[in-house]
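The sequence and structure come first, then the interface.

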Amino acid sequence: MKYSVIHRLLPAMLSLFFIQNPILAQSHTMDWVPVAPGVWKAVTGNPENIDPLRIAGIKPDMHALQKLGETTFPQNLRQSTSEQYDAKTMLWFPLLKNEQLFGLGLNFKSVQQRGTVKELQVDHYGGEDNGRTHAPVPFYISDNGYGVLVNVARRIKVYAGIAVRKDSKNPPEEMNRNTQRNWNPQPYSDAVEMIIPSAGAEIYIFAGRNPMEVVQRYNLFCGGGVLPPKWGLGFTQRVPTLYTDKQVMEEVNAFEEKGYPLSFVGLEPGWQTYSYPNNFVWDESRFPQPENFVQQLLSKNIRVNLWINPYISSHAPFFNEMQPYTGTHTVWAGQVPDLTMKPVQDLYKQLFSQQHLNIGVSGYKVDETDGYDFWLWPDAAKFPSGVSGEQMRQIYGLQFQKMSDAWFREKNQRTYGLTRASNAGASSMPYVIYNDYYNHRDFITALCNSSFIGVLWTPEARSSKTAEEWLRRMQTVCFSPMAMLNAWADGTKPWSFPEVADEVKDVMTLRMQLLPYLYNSFAQYHFEGKPPVRAMNLADGFYFDAKTEKGKLNSSDNPYEMALKKDINDQFMLGDYILVAPLFAGQEEREVILPKGRWYDFYTGELAGESDIIKIKQKLGKIPLFVKEGGFIPMIPYMPHTPEKNEMLPLQVRYYGNIENTMELYDDDGETFDYEKGNFAKATLSVKKDKKGALKGNAVLPKSKYFHYNNVTWEFITKSR
Ligand code: GAL
């Protein structure tokens, strides 16, 4: 080629080089637009038209968000950038040196997420916090007062405080491993980076004065947390597969005779004629009169929940009609319906209403919407709506939750069921996540982590090697969003280990007595966005004050100093006042990190510690529980089932410590959605000191048909002052 030709072509060649060399592509800061008080949104590139928030159909609770108040945009995040190249969207968010990060999906091993790499993908949890989990919600919360949500139905790769760009303004110091002992294989990184395999994304920022406020904004933006029906907070037993109606009745009677509480039973595979794939129709050989069966249980105040997975057998009544709306691949040789399509939703609704809802079934356990890779469709699958295999996997469980929630809403009847897959936007969904993984400690860590990302999790009990393990598992089950024994394979009962049968009964009894407290905690989830189960990092007085508290306390024992370093993944808060510190099989003592203030033993009312880390020994019989000073624990007398609609009950309020305090106690009809129209009532409980300094309780009860407690008695359980 002649020089002159090269010369003429050079500019074009150079421009080609500049466009194609990714290193020289430009990332840009984003335009953050306020969308609700304390919530901002930015759009980068061309977002896809399928995303979790849209699937969940979120309706932000603007009223509650306004009540929470305005905040300023987290200034540091102005530097965040985005960029499209390599057919992907790249996001970069700054990170300060001491920031801690939480969230990034339902993790089972640790609460702290800084310094981790994840590929967020809906999957059955496989024992590693690598992003493959039941609810890979692309949302992280910083203790520096903000949260970042990436609203896409794709597998997002996240480097959370891992990578360092060479143009970093806060690079780590270069060190020499030969001579410097504190050389670090993972040097300080000043960013969270994300890679999204799509041409664009919607990103939200939630601000807050502390991690709890960030979580509240997120939940309220998603419509507020779910308020389950009261029966959903009682005890549930899932019976073995292939059980008949007679066997179920015998099991229910055994609960009654032996004096164990029961609010709903779950039928596992076998209630339908075909399963894996399913026909969704009652098997007449095992359930000849399904309506009678369901109604008989309802007359005992016990509900029925049905196991399903969404994959359609050739024997299903709607098999032919569904054909045009199913994907290219099968699961267990069943058809995979495109749940995003209206005809599919209508066909499900029709069959499920006729077969289940209209005869009194109260909810579903929606199985197998998560993974494993070996069972579900591959990414290569195509769906008639144009949603890809990858996208469908990210939203399938969420879509089923949304779809079935709507059927019950239409009947003005609340449901509460189980799911194995979820995603962003799920806060208001009446579903609790469960799985087949069975590590007790990790189950508790998942409970902590569920609180950051707007999902509920149950550490179900199934089987145990020893009586001790059984009791420890049943104890934690009773302090979770769904108190469930899943006997589908093992046929276990609460009394399966006679050595601990009484202790199991005790903790189940306590669960039932705590109903007003539990229900009130869920009302907080709905109206204020505060999750019912909370990681310690969301507890009051655990974080921000904590940093200023330094020095006042013994520095070697300072819990807040510890909290800043440690991953607190084995204790949690239930509502505002109860701290749960489970023990695991083989463990007789443990440390409990008490947040700021005085804390009391739940059972004796004695002072347990103050702003401290305590070592406790607990006998097998009880799960360690602590109550914050000024804690009100509203309870009811034991009952074997959750109360009937409009049943009036006496209220027993336990009070801890020696300070004055006030709380509001929420109530409504416990079954319908009328509370959304303002049909609820609140009592004011207050404790004041009289002239002699003695505590006196006062309850101002609303004159309302939505309030079902009367005859208030007080127990000031802390005797030594
Ligand atoms: C599993 C599920 C179990 C049980 C079982 C029944 O996938 O996780 O809880 O329902 O199916 O076959």
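## Domain contact

In this predicted model, 42 residues of domain 1 are in contact with 43 residues of domain 2, contact meaning heavy atoms within 4.5 Å. Domain 1 covers 28-169 + 185-221 and domain 2 covers 230-515. Domain 3 (533-627) and domain 4 (631-716) complete the division. These bounds come from an automatic or database domain assignment.

The C-alpha centres of domain 1 and domain 2 lie 30 Å apart.

## Buried area

Domain 1 and domain 2 bury about 3500 Å² between them. This is the accessible area (1.4 Å probe) that two parts lose on being put together, summed over both. Carbon and sulfur atoms carry 59% of it. On the domain 1 side, Phe108, Val122 and His124 supply 20% of the area buried against domain 2, more than any other three residues.

Five salt bridges cross the interface of domain 1 and domain 2. The rule asks for a side-chain nitrogen of Lys or Arg within 4 Å of a carboxyl oxygen of Asp or Glu. The side chains of Arg132 and Asp373 form a salt bridge at 3.0 Å, N to O.

## Elements on the domain 1 side

Elements giving two or more residues to the side of domain 1 that touches domain 2 include α2 (52-56), β7 (116-122) and α4 (211-221). α2 gives the most, with four residues. Helices (H or I, at least four residues) and strands (E, at least two) are DSSP runs, numbered from the N terminus.

## Basis

Residues are numbered from 1 along each chain as its sequence is written, and side-chain values use heavy atoms, without hydrogens and water. Local features need pLDDT of at least 70, side-chain atom pairs count only at pLDDT 80 or more, and totals for chains, interfaces and linings use all residues.
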